[in-house]
Amino acid sequence: MKTTSMIRNIHFPIAITFLIWLTGCIADYKGGGPSKTETRSELRQLLSEFAVSEEEKNAEAHRALYLSDAATVNFVLKNNGSPNTATLTRDQWIGFFTSWDYEYFPVYSDIEFTIKKGMALDSHLFQGFRDGEEDLFGNDLFMYVNTNEGWKIVSLSATITAPDDPTDYTDLQIGSNPETLFKELKNAFDSKDQDAFDQSFIAPNAPCFRFKNRFTENFTANAHTAGVFLHQLDGIDANAQIDFSNIKLSIKDGYTARASASYTIALGRRTIEKGNLLATFIGTLEQGWKLSAMVFSIDKSLASY
């Protein structure tokens, strides 16, 4: 039986939740086996609530799913063989979809989670339905962090294609491999060049921050974004350097990518901080690959900053 036939016979929110459960897949890059049942359940529930609140145009419920109003939503519109990128704030995105004068709901498939300490990524395919007919489709890439109020969305990057677009995108190239951005970040960090650091991201307001175990601070755009990241490391020695290792990268749909890695900040032979990070990328024809969000989870820190 086709997926579209199945969902026409069940209430839409139930269908969405069922398909999320059916197709969910957890990848834990630490190699320690499957993630805890509770974490898996919480992330699936959050994704279900995202879809249902979008379907119901429930702005208040949708808004509560994000870490803050500084969260970003990035789109690659691939129509007509000339992709272009748009970056919205959470509230701009909510204002956009709540203005639609038609019924819309998304169905997710091929869901994959990457889970680290206090942070997670989720990539999946989506098929949108407009007034019951197949509409826009593409790939979603979410980043989450765990907070005192549960898991929250930090950023969303998505590719969108219209159902009547015949263009074959397989031959389009957007430049270098996104892994090269880690080299750019290292060079910017080591030289303490905030402007160069900014250039690796799709926009200066892209989320970029560090935390330990669970994110507990009030997220503010002037303290937790790419554009102020190095300035927030008050007290860091000018000679401190960062290194990235164990980089695991996956490109989705040609225009979004995700990565996990380990990082170490050292002063000479002395390690002053180490931990893990998760990153999401978005591809542009004009600028190549850019980071859309990056979060550092601190395992150990001797630093005073």
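**Ground rules.** I'm working on a predicted model, where local features need pLDDT of at least 70 and side-chain atom pairs count only at pLDDT 80 or more, while totals for chains, interfaces and linings use all residues. Residues are numbered from 1 along each chain as its sequence is written, and side-chain values use heavy atoms, with hydrogens and water left out.

**Entry 1, salt bridges.** How many salt bridges does the structure hold? I get 8, taking a salt bridge as a side-chain nitrogen of Lys or Arg within 4 Å of a carboxyl oxygen of Asp or Glu.

I looked at arginine 63 and aspartate 91, whose closest N and O atoms are 3.2 Å apart in a salt bridge. Arginine 63 sits in helix α4 (residues 59-63) and aspartate 91 in helix α5 (residues 90-97), so this pair ties together parts 28 residues apart in sequence. For the element names I use DSSP runs numbered from the N terminus: helices are H or I with at least four residues, strands are E with at least two.

Next I checked accessibility (buried is under 20% relative accessible area, exposed over 50%, partly exposed in between; 1.4 Å probe, protein chains only). Arginine 63 comes out partly exposed at 31%, and aspartate 91 is partly exposed too, at 34%.

Aspartate 91 also has a salt bridge with arginine 90, 3.0 Å from N to O. Is arginine 90 buried or exposed? Buried, at 9%.

Then I moved to glutamate 112 and lysine 252, which meet in a salt bridge at 3.1 Å, N to O. This one links distant parts of the chain: glutamate 112 is in strand β4 (residues 104-116), lysine 252 in strand β9 (residues 241-252), and they are 140 residues apart. Glutamate 112 is partly exposed at 27%, whereas lysine 252 is buried at 16%. Going back over shared partners, I find Arg63, Arg90 and Asp91 joined into one network.

**Entry 2, strand β2.** Why do I call β2 (residues 72-77) largely enclosed by the rest of the structure? Because 5 of its 6 residues are buried.

I then asked what β2 pairs with, counting two strands as paired if DSSP finds at least two bridges between them. With strand β3 (residues 84-89), β2 runs antiparallel over 6 bridges. With strand β7 (residues 150-161), the pairing is parallel, over 6 bridges.

I traced an open sheet of 5 strands in the order β8-β12-β11-β10-β9, with mixed pairing. β8 (208-211) and β9 are the edges, each with a single partner strand, so one side of each has no neighbour in the sheet. The twist averages 15° from one strand to the next.

At the β9 end, 10 bridges join β9 to strand β10 (residues 256-267), and the two run antiparallel. Isoleucine 251 has alanine 257 as its bridge partner in β10.

What lies across β9, β10, β11 (270-284) and β12 (288-301)? I found helix α6 (residues 180-190) there, running at about 155° to β9. For that angle, axes are lines fitted to C-alpha atoms, for helices over the stretch in contact (heavy atoms within 4.5 Å), and angles run from 0 to 180 degrees between N-to-C directions.
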